[in-house]
Amino acid sequence: MELHLTNDRATPDEQSAVDGVLGAPKDRRVIASGNGHGAGEDALGGENRRHLLLPVLHALQARTGWLSPGALNYAAARLDVPPAEVYAVASFYDLFRLEPTPPVSLHVCDDIACKTQGADALCAQLESSLGQEGAPCMDGKATWFRSPCLGLCDQAPVALLRSAGKSPREAMVAQATAQTVLASLQNVMEDKEVPAESRPRIKEFLPQLGETQLRLLRRVGQVDPTSLREYEQTGGYAALRRAMEMGREKVVQEVVASRLLGRGGAAYPTGKKWEAVLRQLRPESVHYVVCNADESEPGTFKDRIFMKGDPFAVLEGLTIAGFAVGAKKGFLYIRGEYPESFRFMSQAVAAALGHHYLGDGILGSSFSFDVEIRRGAGAYICGEETALFNSIEGYRGEPRNKPPFPTESGLFRRPTIVNNVETLVNIPEIVLRGGAAYARIGTPQSTGYRLFCLSGHVKRPGTYEVLFGMTLRQLIELAGGVGGTGRLQAVLLGGAAGSFVSPAELDTPLTFEGVRGIGANLGSGVVMLFDDSVNLKDILARIAKFFHHESCGQCVPCRVGTIRQEEILARLTGNRTDGSTENEIALLKEVAQAMRDASICGLGQTAPNALLSAIERWRLFA
Amino acid sequence: MNESGLAPSALIPVPRGPVPEVPARQAVRMVDISIDGKKVFASEGSTILEAARQAGIDTPTLCFLENLTPVNVCRLCVVELEGSRVLVPACSRKVEAGMAIRTDSERVRLSRKMVLEFLASSVDLSAWPEFGGYCERYGAHPERFGKDALDHKQLVKIDNELYVRDYAKCVLCYKCVQACGVEAQFTFAIGVAGRGFDAHISTEFEIPLPESACVYCGNCIGVCPTGALMFRSEYEMRQEGRWNEAEQTKTDTICPYCGVGCDLTVHTQDGKIVKVTSPLDHSVTHGHLCIKGRFGWQFVQIQPALQDYR
């Protein structure tokens with residue numbers, strides 16, 4: 001394709017960052033023409049590599065701290081993608097900056113879980129020592145931003161540090177205070193490690209560590225996550241061997257028999273997806289399996305625990321999935337704010353390749369399977385499965401209309417299964433134990449084990465593995481009871497897309513069917529507690545802001561509805577209603593109904609849930 | 001994307017010698033569906049919108065246009081489908097045997113009303129001809145969101161001689177991006193940039209149009225439903241209060257420039273050409289033109305110059 005490029009040129013540094021992903025260009029003249037017109041590499045017989053756009057943008061952001069017009073032109077020419085489309089994609093993601101930005105950036109979470117642990121005070125302190133959010137600080141070498149949930153709610157409040165350069169760095173600061181954040185910022189700027197005491201930890205936030213009944217979490221914190229040998233010694237890859245003996249039909253039958261429901265939030269039967277893709281298998285078929293590790297629902301952090309603590313289990317589940325549905329390639333899409341998960345998973349993929357658990361001829365068979373890891377770049381919407389496909393393919397992370405469903409037309413328009421990390425970690429259990437035996441665990445409609453992410457005002461925040469059937473009260477007791485003032489005001493179940501429930505509803509069993517009875521859902525396993533010192537209206541305002549910020553903007557009900565619901569809430573909270581409170585609430589309900597009914601995807605459809613659940617339960621503005 | 005970067009029709013060679021036989025088309029299968037309680041016989045592969053129109057049911061649309069692939073983003077055409085948790089877009093959802101559809105239920109009416117209110121409270125819909133009628137039909141009152149409702153008010157972009165871009169009127173229907181890209185022109189001068197309420201149509205790095213890849217085919221104007229993209233001639237006449245569609249004459253003709261033979265519809269007012277369009281259903285253009293057909297008519301009305309030649 002003949003591309004029209006502006007005269008902005010990439011610096012040698014920017015070129016080398018792009019070439020680091022794509023390899024050196026075959027023909028230097030392609031890029032050097034610089035007069036506004038250059039033939040892309042497609043003209044020279046290159047293949048369509050648009051799916052490498054996101055990795056290329058990451059490489060540029062990591063090298064210089066922002067994406068300059070010259071750099072984007074170079075990326076456009078190398079990938080043969082029109083620059084207007086490269087710009088359209090780059091401007092979609094929060095973690096990419098399109099204006100000159102200092103090389104070091106600090107992202108401080110001010111989302112709901114961190115709010116209960118003093119995030120607002122932390123941000124205020126940072127504002128007084130570093131200046132306005134978004135402005136250069138530390139002699140122009142750094143800047144800071146408020147951020148939506150960073151997925152470390154058990155160790156709130158938290159911050160993410162990113163430093164661009166030849167050897168880019170990323171680090172999380174857990175249980176942050178102004179002192180530790182500033183010290184960490186200083187350290188990163190001096191190319192030193194973040195102080196050990198403020199780095200995230202796994203063991204302390206696994207209160208059940210060492211308990212023998214654990215299945216999904218049994219290795220986390222107990223084995224070296226970088227050691228394939230330790231994984232094998234603790235039963236790892238036995239399920240893959242077993243699956244390959246069973247054959248793909250039998251594996252899928254077992255997953256169907258297990259009645260496993262997806263753990264990402266939508267609770268769709270995993271076996272149904274697998275069956276639908278396997279049914280389409282022909283000798284020439286190209287199928288994909290995708291592990292959705294874009295865990296971005298506020299209050300959710302369980303998938304991070306697996307990726308950091310038991311990465312081979314995630315890979316084994318994904319490999320079995322690939323084997324079962326006849327896929328030769330799997331993708332693992334990890335949210336951009338999880339640098340450590342990315343590192344551990346990358347190490348695991350390399351180790352598995354080296355030991356024939358991935359690659360050609362797995363375990364000496366004819367089955368070949370590769371895994372590519374992709375990083376998100378700050379977009380909650382990319383956790384929606386079809387938005388995730390678009391993101392991997394190098395397009396804006398906008399959801400597609402369904403039907404067709406991913407099982408018919410998914411990644412690269414091929415039959416695809418998408419499963420959440422926790423869902424996949426259940427797969428080896430199902431293969432080894434048998435689907436029917438697995439289905440006997442839990443309740444008839446909610447089979448198996450379930451992870452819950454406890455955060456907010458709880459005594460022992462962290463990740464908990466339980467059998468389905470435990471009540472909300474029992475789970476809170478397991479986590480040491482209510483923290484903060486000790487007097488519970490509300491529980492957010494399922495995340496920002498979930499619902500608030502009241503202390504009167506604590507005896508609800510935490511099963512899919514149990515919470516449905518109180519008009520809630522388990523979502524991604526979020527259980528966030530708020531004591532009676534919290535102003536729930538502030539929490540609702542933050543949730544409304546979250547959806548406004550994370551809407552992709554594609555469809556009208558969500559793009560405008562998320563703004564209007566935020567505005568109505570602000571008027572109600574500030575007693576600035578034009579008409580009566582009843583009118584405002586009625587309007588809010590109409591906005592909510594249209595968003596639920598007419599939005600393209602789950603984001604818009606669930607964006608009003610938590611707000612309305614709280615307003616209705618506590619008659620907040622009556 | 002077409003790999004050659006050209007519209008497929010331009011690649012079809014003129015046949016020489018005996019013309020190969022066209023394979024017989026399979027008979028279109030028909031399926032039974034019901035719309036608003038009425039039995040409708042719709043052809044398989046058609047959309048709910050087409051079936052509804054066939055049954056004489058008017059369905060409001062905004063981001064839909066017959067010559068482009070439906071993107072179903074405005075959600076104005078949503079209908080209730082039995083068995084579906086959410087409403088479905090009529091413009092893109094294909095009919096299936098046994099579907100029971102309701103196009104005027106309470107839920108449908110509420111969503112359509114809210115979409116109209118969402119749009120009208122954030123952008124200027126004054127140049128969308130159907131807007132007033134739809135508001136009346138669905139009881140939409142956009143002022144309910146208050147005078148402080150966040151909107152897209154901004155200055156009109158006038159950076160070239162041929163057309164203006166008034167993004168305060170943009171409903172983000174994606175049609176101009178489609179027309180500029182794979183659905184007509186293959187120029188790719190614009191895309192949707194930003195996210196959420198900040199999403200907007202943009203060239204790369206927000207550069208002015210004359211510096212971009214734009215070739216001024218004007219196909220984006222041809223598909224814009226709300227007048228956000230407008231001939232400069234029309235824009236200036238509107239500004240001066242001289243634009244009067246009732247007084248205009250539309251004349252169909254063939255473009256005089258090249259041998260393709262595009263159909264033109266020449267819009268004239270007071271004896272002068274004020275804009276040029278092409279019929280959407282024309283087999284050659286599908287409504288799309290090039291810069292010459294769309295804008296190259298000034299010579300017709302340069303009276304003094306013509307007299308000089310006599």
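This is a predicted model: local features need pLDDT of at least 70, side-chain atom pairs count only at pLDDT 80 or more; totals for chains, interfaces and linings use all residues.

Guide: The account that follows concerns selected residues of chain A, and then turns to chain B.

One is the backbone oxygen of A:Glu297, which the side chain of A:Thr300 reaches at 2.8 Å. The other is the side chain of A:Ser524, joined to that of A:Thr300 by a polar contact of 2.9 Å. When neighbours within four places in sequence are left aside, A:Thr300 is in contact with A:Gly151, A:Cys153, A:Glu295, A:Tyr338, A:Cys453, A:Ser524 and A:Val526.

A:Thr443 belongs to the loop between helix H18 (435-439) and strand S12 (449-456) of chain A. With a relative accessible area of 16%, A:Thr443 is also buried. The side chain of A:Thr443 is joined to that of A:Glu513 by a polar contact of 2.8 Å. Neighbours within four places in sequence aside, the contacts of A:Thr443 are A:Phe468, A:Gly469, A:Thr511 and A:Glu513.

A:Glu550 is found in helix H21 (residues 536-550) of chain A, and it counts as buried at 3% relative accessibility. Along the chain, A:Glu550 and A:Tyr380 are 170 residues apart, yet their C-alpha atoms are separated by 6.0 Å. A polar atom of the side chain of A:Glu550 lies 3.1 Å from the backbone nitrogen of A:Tyr380. Apart from neighbours within four places in sequence, A:Glu550 is in contact with A:Pro148, A:Ala379, A:Tyr380, A:Ile381, A:Leu603 and B:Arg195.

A strand residue comes next. A:Gln489 has its place in strand S14 (residues 488-493) of chain A. The side chain of A:Gln489 reaches the backbone oxygen of A:Val534 at 2.9 Å. A:Gln489 and A:Ser533 are 44 residues apart in sequence, and 8.2 Å separates them from C-alpha to C-alpha. Not counting residues up to four places away in sequence, A:Gln489 touches A:Pro503, A:Phe530, A:Asp531, A:Asp532, A:Val534, A:Leu536 and A:Trp618.

Some details of the backbone also deserve attention. Most residues other than glycine have a negative phi, and most peptide bonds are trans. In chain A, the peptide bond between A:Ala156 and A:Pro157 is cis, with omega about -5°. A:Pro157 is found in the loop between strand S5 (142-147) and strand S6 (159-163). Another cis peptide bond leads from A:Pro403 to A:Pro404, where omega is near 0°. A:Pro404 lies in the loop between helix H16 (385-393) and strand S11 (416-420) of chain A.

Helix H4 (residues 69-79) of chain A is mostly covered, with 10 of its 11 residues buried. Among the buried residues of H4(A) are A:Leu72, A:Asn73, A:Tyr74 and A:Arg78. A:Asp80, which follows H4(A), has a positive phi near 60°.

Positive phi values occur in chain B as well. B:Arg75, although not a glycine, has a phi of about 70°; it is found in the loop between helix H1 (48-54) and strand S3 (78-81) of chain B. B:Arg75 is buried, with a relative accessible area of 3%. B:Phe188, likewise not a glycine, has a positive phi of about 60°. The loop between helix H4 (175-180) and strand S7 (191-193) of chain B holds B:Phe188, which is buried at a relative accessible area of 5%.

As for chain B in general, it has 8 helices and 12 strands, and 52% of its 310 residues count as buried.

Definitions and conventions: Residues are numbered from 1 along each chain as its sequence is written. Chains are lettered from A and ligands numbered from 1 in the order in which they are written. Side-chain values use heavy atoms; hydrogens and water are left out. A polar contact is a pair of N or O atoms within 3.5 Å; within protein, one must be able to donate a hydrogen and the other to accept it, and residues adjacent in sequence count only if both atoms are side-chain atoms. Contact means heavy atoms within 4.5 Å. Helices (H or I, at least four residues) and strands (E, at least two) are DSSP runs, numbered from the N terminus. Buried means under 20% relative accessible area, exposed over 50%, partly exposed in between (1.4 Å probe, protein chains only).
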